[in-house]
Every structure is written in structure tokens, then in C-alpha cells.
Amino acid sequence: MTPAKDKELSDLMRAVLAGDDSGYAQLLNDIACVVRAIAQRKIGPGAGLEPEDIVQETLLAIHLKRHTWRPDQPIGPWIYAIARYKIIDAYRRRGRRIELDISDFADTLAEQEKEIVMARDIQRALDCLSDGQRQVVSAISVDGASISDTAKRLGMKETAVRVSLHRGLAAIAAKFGKLD
Amino acid sequence: MRTEDLITALAADASVKKAGLDQVWSVALFGGVAIAGLVFLVGIGPRPDFLAAVQTIRFDFKFVLTLSLAISAFAVLRKTAVPGARIGLPLLLIAPALGLLAVIAELIVLPTNAWAMAAIGKNALYCLTLIPLISIAPVIALTSGLRRGAPTNPTLSGALAGLTAGAIGATLYAAHCTDDSPLFVMIWYPIAVAAVTAAGAVLGRVFARW
């Protein structure tokens with residue numbers, strides 16, 4: 001990651017942590033590109049792993065652990081360390097070990113092209129959620145509904161939708177570790 | 001699910017605010033120390049001659065050792081909860097180095113025939129059981145703190161939580177224990193703290209994954 005790119009992403013994350021989440025989707029998209037390039041390079045075809053699963057799992061982890069980033073530090077090493085942890089963890093779940101040198105991660109150029117890969121793990125994790133949480137997470141993610149639309153559609157209060165969404169996402173992240 | 005869809009969901013969830021790690025660690029440390037202090041006061045309390053003991057250098061140095069270990073282990077623990085942070089493991093050498101210097105000084109000061117008695121002491125079994133007992137609350141509190149962080153090596157982080165908790169337990173126990181010789185402190189305390197460290201490593205491995 002170039003220093004300029006790091007600064008751009010750091011600025012976005014600082015804004016998010018300060019309560020301005022208007023640039024959050026953009027930030028996550030940029031991070032997805034960075035992580036996708038790493039995952040595609042680190043995961044060979046014979047590994048039985050789908051790089052896009054790693055991308056999604058890393059994005060979830062980054063989202064749920066965003067408060068652990070120190071705003072006075074560059075964000076690149078933090079992203080690489082989380083991606084590395086998630087790749088190693090994915091191999092571990094499949095009963096294999098992998099040694100990854102963190103210094104390789106920084107050299108990887110972000111993948112620019114848009115890919116439409118249907119990742120399997122998150123779908124299976126989504127299927128494991130309670131009905132209420134699954135409906136909320138699907139409405140917002142797959143259907144692209146807003147919080148208030150979802151609240152109307154499901155006859156819930158907006159705060160309840162927010163809580164369901166957050167718990168659903170946390171549950172998906174927790175489920176990842178148990179899927180094989 | 002497509003990654004774009006996931007990002008849509010994550011962006012919709014951005015308004016949920018979480019406590020920063022500094023706050024998490026303050027709560028975990030304060031809670032752990034408070035309960036450990038309570039266990040200490042209710043269970044064993046300070047030794048009867050505490051005020052006289054404070055005047056002696058051997059007694060006071062026990063706290064230099066246990067507190068320097070607690071502070072350095074806690075500092076390293078906090079680093080390991082942040083992905084990509086420089087950890088600074090050499091900090092952990094401060095307390096053992098101080099302890100070794102104290103042992104050398106004690107060996108010079110004490111006559112040879114007093115070494116064995118100073119090392120074996122009177123309370124070794126208490127030391128081995130009470131330090132881990134007092135450390136239970138801190139190790140649980142610090143491991144729960146760890147769950148709010150993002151340790152990329154959960155076993156190592158758990159061990160550091162155990163080391164910090166063990167050092168907190170040792171600090172409190174030191175106020176009760178009447179064996180003050182560095183020869184005693186550098187044999188029995190480390191065994192007790194190592195047991196808590198090992199327990200912390202297991203707890204971290206199981207509970208601090210994310």
C-alpha cells in the first residue's frame with residue numbers, strides 16, 4: 001500500500017470512528033480490493049479455499065474490530081495483520097498449517113477489477129441464523145433495503161432492526177470459525 | 001452472498017459504537033484487581049507485622065519485582081490485542097533481570113549455610129496455592145478484555161493475560177507472605193505465576209479467537 005493510499009484509507013476510517021460513516025462503504029470496498037489481491041495470491045487453486053470467502057471474512061472482522069485500530073498509526077499494517085490471521089485461520093480450520101510472511105502483504109497491489117464471486121461460507125453462516133436475524137441481514141444486504149424500509153417491511157422498530165443486524169453480523173463472524 | 005451485498009450490510013451497521021480498547025482494558029484491569037483485592041482481604045489479609053515489614057528492603061523489593069512484572073506484562077498484553085502492532089517482548093525481561101540481581105546480592109550477603117533455609121522458607125505451599133487462587137478473577141477479567149480486542153496470536157495473548165494476572169496475585173500475596181528472601185521469591189513465586197500463565201494460554205486459545 002502506498003503512503004498516499006494508506007493516508008486516504010486512514011482518513012476514511014478516522015471519520016468513521018468519529019461518527020461520520022458516509023465514506024464507510026467506499027472504505028470497505030477499497031479494503032476488499034486490497035484483501036482480494038492478497039487472498040488470490042496466497043491461496044493456491046488446490047487449497048480447497050475460496051479467496052472471496054477470505055475477503056468477506058476479513059471484511060467482517062475489520063468491521064467488528066474497527067475500534068482496535070489506533071488512529072495515530074498507519075492502517076495498512078493493521079489490515080494486513082487481520083487478513084493474515086484470517087487466512088491462517090481458514091487453513092487451520094481445514095486442518096492445515098501455512099506460514100505467511102507479513103512483509104509480502106505490503107507489496108501486493110490492489111486488485112482493481114470487480115469480481116462477482118458468490119462466496120459460500122457466509123451464505124452457510126447466514127442460513128444458520130435465527131429467522132429474525134436472517135430476514136434483517138438478507139433484506140439489508142441482498143435486497144439493499146435501508147434500515148427504515150426493513151423496519152416497515154418486517155413490522156419492527158428501527159432500533160430493533162439495528163440490533164438484529166448487528167447481532168446477525170456478529171453471529172455470522174462467530175459461525176465462520178465453526179464451519180468446515 | 002456477494003461481497004458488495006456484505007459491504008452494504010456492514011455499512012448499515014456502522015452506527016453501532018464500541019468502546020475503545022483503552023476503556024476495555026481499564027475496566028478489565030480495575031475489575032480484576034478489585035475482586036482479587038477483595039479475595040485477598042477476606043481470605044488471608046496482610047501479615048500481622050505489615051507496618052514493620054515495610055521498613056525492610058527485602059519485603060519492599062518483592063513488590064518491585066511483582067509490580068514491574070505486572071506492568072510490563074500488561075503493556076505487552078495490550079499491544080498483542082492490536083493487529084500489526086509492534087509487541088516489544090523484551091520488556092518482559094525487566095522483572096526477571098531485577099530478580100536475578102537480587103538473588104546475586106542475597107547470595108553475597110547471606111552466609112552459605114543460610115541459603116537453603118532462605119530458599120525453602122516456611123510458606124512455599126501457601127505461595128503455590130494462594131497466588132493462583134487470587135489470580136483467578138484477574139485472569140478471567142483480562143481474558144474477557146482480550147475478547148474485545150483482536151489478538152492475532154490468541155495463545156500468546158492469553159499467556160500474557162495469565163502472566164499479568166499471576167503478577168497481580170503475587171503482588172497481593174507478597175503482602176501476606178513472611179518469606180522475604182529473594183532466594184524464596186525467585187523460586188516459588190515464578191512457579192505459581194507460571195501456572196497462571198499456562199492457564200491463561202489455554203483460556204486465550206479457546207476464548208480469544210475471533
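This is a predicted model: local features need pLDDT of at least 70, side-chain atom pairs count only at pLDDT 80 or more; totals for chains, interfaces and linings use all residues.
A salt bridge here is a side-chain nitrogen of Lys or Arg lying within 4 Å of a carboxyl oxygen of Asp or Glu.

Let's start with chain A on its own. Its secondary structure comes to nine helices and zero strands, so from the N terminus on the order of elements reads α-α-α-α-α-α-α-α-α. If you draw a box around the C-alpha atoms along the principal axes, chain A fills roughly 50 × 35 × 30 Å. How does its radius of gyration sit against that of a compact globule? For 180 residues such a globule would have a value near 16 Å, and chain A, with 17 Å, agrees. Of those 180 residues, 48% count as buried. Looking at contacts between residues at least 6 apart in sequence, 67% of those in chain A join residues at least 24 apart.

Now turn to chain B. Here too you will find nine helices and zero strands, running α-α-α-α-α-α-α-α-α from the N terminus. The C-alpha trace of chain B spans about 75 × 35 × 25 Å along its principal axes. Chain B has 210 residues, and buried ones make up 49% of them. Among its contacts between residues at least 6 apart in sequence, 85% join residues at least 24 apart.

With both chains in view, we can look at where they meet. The size of an interface is often given as the accessible area lost when the parts come together. Between chain A and chain B, the buried area is about 3600 Å², and carbon and sulfur atoms give 62% of it. On the chain A side, A:Lys65, A:His67 and A:Tyr85 lose the most area to chain B, together accounting for 19% of what that side buries. The contact draws 47 residues from chain A and 34 residues from chain B.

Which side chains form the salt bridge between the chains? They are those of B:Asp22 and A:Arg70, which meet at 3.2 Å, N to O.

Finally, consider what chain A presents to its partner. Several helices of chain A give two or more residues to the side that touches chain B, among them H1 (3–17), H2 (24–42), H4 (76–93) and H9 (158–176). The residues on this side of chain A divide into 28 nonpolar, nine polar and ten charged.

Conventions: Residues are numbered from 1 along each chain as its sequence is written. Chains are lettered from A and ligands numbered from 1 in the order in which they are written. Side-chain values use heavy atoms; hydrogens and water are left out. Contact means heavy atoms within 4.5 Å. Buried area is the accessible area (1.4 Å probe) that two parts lose on being put together, summed over both. Helices (H or I, at least four residues) and strands (E, at least two) are DSSP runs, numbered from the N terminus. Ala, Val, Leu, Ile, Met, Phe, Trp, Tyr, Cys and Pro count as nonpolar, Asp, Glu, Lys and Arg as charged, and the others, Gly among them, as polar. The radius of gyration is taken over C-alpha atoms; the globule rule is 2.2 Å times the number of residues to the power 0.38. Buried means under 20% relative accessible area, exposed over 50%, partly exposed in between (1.4 Å probe, protein chains only).
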